[in-house]
Amino acid sequence: MKINWKEVFKFLSGAAFVGSLANAYLYFSDISVPFLGYTITPELLGLRSVVNFVLFLVFFYYGYLKK
């Protein structure tokens with residue numbers, strides 16, 4: 001079975017974009033998120049938003065733009 005990497009990158013670009021938007025919303029709303037007994041601060045959520053957006057750009061390039 002052969003994996004169509006272009007389609008995988010398209011899916012990952014959408015997932016990274018949505019994750020970026022969700023983390024940015026929580027950052028700008030100044031909301032902390034509890035996770036497995038720990039608290040994720042808004043500053044960390046902002047950093048995750050930036051990382052997810054960079055991943056979105058990389059996956060978007062490989063999924064849609066590169067031939």
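**From the surface inward**

Tyr64 is partly exposed, with a relative accessible area of 44%, where buried means under 20% relative accessible area, exposed over 50% and partly exposed in between (1.4 Å probe, protein chains only). This is a predicted model, in which local features need pLDDT of at least 70 and side-chain atom pairs count only at pLDDT 80 or more, while totals for chains, interfaces and linings use all residues. Residues are numbered from 1 along each chain as its sequence is written, and side-chain values use heavy atoms, with hydrogens and water left out.

Tyr64 lies in helix α2, helices being DSSP runs of H or I with at least four residues and strands runs of E with at least two, numbered from the N terminus. The 24 residues of α2, 42–65, should span 34 Å at 1.5 Å a residue, and the end C-alpha atoms are 33 Å apart, which agrees; the expected span is 1.5 Å times one less than the number of residues.

Among the buried residues of α2 are Pro42, Ser49, Asn52 and Phe56, and what covers the buried residues of this helix includes α1 (5–28), β1 (33–35) and β2 (38–40). Ser20, which lies in helix α1, is buried with a relative accessible area of 5%, and Ser20 touches Ser49, Asn52 and Phe53, not counting residues up to four places away in sequence, contact meaning heavy atoms within 4.5 Å.

Also in helix α1 are Glu7 and Lys10, three residues apart, about one turn of the helix. Their side chains meet in a salt bridge (3.3 Å, N to O), a term for a side-chain nitrogen of Lys or Arg within 4 Å of a carboxyl oxygen of Asp or Glu.
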